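Please keep the sequence and the 3D view at hand as you read.

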Amino acid sequence: MKKILLLVTFMFLSAFAANAASEGEQKICSGLANWTEDGDFKQVRESKCMTEEEYNAYLSAPDYLCQYYQKSIWKESERAYGKKQYKYTQADLDKIKVLKDEGKALCDAGNLKEGEAKLVEAIKIISHTRMN
Amino acid sequence: MKKITSLLITSVFLSFFSTVAFSDENVKKLSNFQKTGTAPGIVIPQDTKFADNIKKNVLPKIKMPPGFKISLFAVVPDARHMAVARNKTTVWIGTRKDKVWQATDRDMDDVADTVEQFSPAVTFDIPNGVCFSDDGHLYIAERNRVLWFPAAEYFMESPDTVAIPIIDQGGLIPPEEESYNHTARVCAVNKADNKLYVSMGQPFNVAGPDKYPAYDQVGIGGIIRFNRFPGELDREVVAIGLRNSVGHAFNPKDGTLWFTDNQVDGMGDETPPGEINKACKLGSSVWYGHPYYGGGDVRTNEYKGQDIPKAYTDNYCKPQVETIAHAADLGMMFYTGKQFPKKYHNAIFSAQHGSWNAVKPRGARVMVTYLDNKGNATKHEPFLEGWMTEMGTYLGRPVDVQQYFDGSILVSDDKAGVIYRISYEG
């Protein structure tokens with residue numbers, strides 16, 4: 001009887017540990033795949049994955065906004081697809097680039113708040129530019 | 001080479017304008033009950049490998065409460081908002097391109113037998129918004145025009161469907177404010193005043209101060225209403241301070257207007273929240289937060305620290321539900337059927353299209369929002385999930401939810417280009 005109880009306890013603990021491990025390993029992935037006309041689901045961009053823990057660390061990093069704003073500015077005003085979405089003038093794009101570079105330099109030097117403020121100025125220009 | 005380039009540019013220019021002119025000419029003819037001589041429209045084959053693969057690879061992945069079943073209703077390219085007919089098993093489907101589709105279940109087996117181009121004589125321009133009135137009229141809200149199709153149920157089999165502009169091309173918004181983004185209109189008829197309500201997104205991430213009060217006066221970043229038959233338009237703004245609403249419906253129990261609103265980008269992966277709103281009242285001063293709030297009570301970076309005008313704060317109507325950031329809450333409906341269990345009666349079903357602007361993908365699901373007996377939102381939870389793979393790719397992206405004639409619901413998906421039917425079998 002004692003052996004059976006031990007065995008049941010062992011099985012329960014093993015199952016619990018396995019479950020906890022698999023939850024801990026749950027990945028956050030992002031990629032791109034599209035349907036073809038024939039109904040095949042074709043990967044267009046390879047998925048990149050991170051753990052939940054890594055994602056939370058990314059969100060709570062002191063320089064999170066510095067990084068996020070820079071990426072956002074790149075997506076909306078430098079990347080070809082993003083650029084196409086707005087009615088930018090060259091002067092707008094030049095101003096955005098200068099502010100982004102200044103913001104990045106401040107962020108890299110550890111002046112995070114000042115860097116964020118510069119980057120927000122760049123985002124304001126993007127936000128107030130009419131979309132195509 | 002220069003000559004060839006200029007010839008090409010000229011021919012593209014001429015062909016664009018001749019198409020527009022031809023289309024306007026056709027609308028004139030159709031509104032006078034005249035033939036245009038247009039050939040029958042495109043037919044979308046339904047019995048295909050694509051349909052089989054959707055059935056095999058998508059349907060089994062969709063998670064839903066016990067007793068519910070998902071099936072493929074139709075293959076419809078670029079399927080966006082839907083309108084369900086009254087006397088026929090036809091569904092009209094808008095797109096963000098230049099076509100409107102009609103899907104008809106002719107043998108009553110709950111699967112569309114034919115999917116055809118609706119009214120091929122008309123050249124549409126982002127005909128996203130389709131709505132059907134209880135008295136049998138179809139309306140199509142385009143980027144900058146609203147068309148009325150009287151008795152569409154009966155004229156729909158012909159390429160020449162009577163079409164009458166309620167708002168002429170260029171009359172919905174000033175043409176210089178036209179954009180491609182934030183231009184998916186939605187429409188609905190309010191039974192209380194028999195008027196047509198059309199939402200109008202504003203064409204910025206965050207509109208600048210130079211755009212106000214002009215936008216509020218026109219209803220850009222708002223919802224307008226007007227008479228739905230020719231004559232005096234009597235256009236009014238009924239909501240301002242929206243960013244980009246792409247879903248609205250009236251609560252059949254108390255007549256209140258509810259709408260989704262997509263919120264500001266570029267503030268963070270997990271902020272600001274999206275919104276489901278209930279109109280506090282209908283009026284041109286009732287304000288829902290944009291551009292001072294980015295979603296919920298999160299102030300936009302663009303207006304942070306600035307005083308909000310008193311005319312706004314005195315008339316601020318807060319959202320009923322704050323949804324997760326960047327989920328893109330789009331089409332919505334109130335469930336009035338009897339097929340689903342009682343807990344879903346008069347609940348809101350809404351589609352989350354899914355994010356483009358966050359590291360962690362989210363959305364691609366259908367949500368349900370329950371209301372209390374005062375008509376306010378209580379719980380908001382997923383109803384259908386599974387269009388996102390564990391590798392973070394979207395198998396499909398739900399756009400709209402509409403009730404089918406038998407009390408099942410239809411969900412459109414503009415990524416897979418299909419319409420699903422969700423029924424309850426107990």
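## A pair of strands

Strand β22 (residues 365–371) of chain B pairs with β23(B) in the antiparallel sense, over five bridges. Strands here are DSSP runs of E with at least two residues, while helices are H or I runs of at least four, and numbering starts from the N terminus; two strands count as paired if DSSP finds at least two bridges between them. Within this pair, B:Met367 has B:Pro382 as its bridge partner, and B:Thr369 has B:His380. Five residues lie between the two strands of this hairpin, where B:Gly375 takes a positive phi near 85°.

On sources: the model is predicted, so to speak of local features pLDDT must be at least 70, side-chain atom pairs count only at pLDDT 80 or more, and totals for chains, interfaces and linings use all residues. Residues are numbered from 1 along each chain as its sequence is written, chains are lettered from A and ligands numbered from 1 in the order in which they are written, and side-chain values use heavy atoms, without hydrogens and water.

## The sheet around β22(B)

Strand β21 (residues 348–352) of chain B also pairs with β22(B), again antiparallel and over five bridges. Here B:Gln352 stands opposite B:Arg365. The open sheet has four strands in the order β20-β21-β22-β23 (chain B), with antiparallel pairing. Its edge strands are β20 and β23 (377–384) of chain B, each pairing on one side only.

Is β22(B) buried or exposed? Seven of its seven residues are buried, so β22(B) is largely enclosed by the rest of the structure. Buried means under 20% relative accessible area, exposed over 50% and partly exposed in between, with a 1.4 Å probe and protein chains only. Both faces are covered, with B:Arg365, B:Met367, B:Thr369 and B:Leu371 on one side and B:Val366, B:Val368 and B:Tyr370 on the other.

## The second largest pocket

The second largest pocket has a volume of about 1100 Å³. A pocket is an open set of points on a 1 Å grid over the protein atoms alone, where a 1.4 Å probe fits, with protein on both sides within 12 Å along at least five of seven lines; lining residues have an atom within 4 Å of a point. Volume is the space filled by probe spheres set on the points. Among the 37 lining residues, B:Phe132, B:Asp134, B:Val189, B:Lys191 and B:Gln402 are the closest to the centre.
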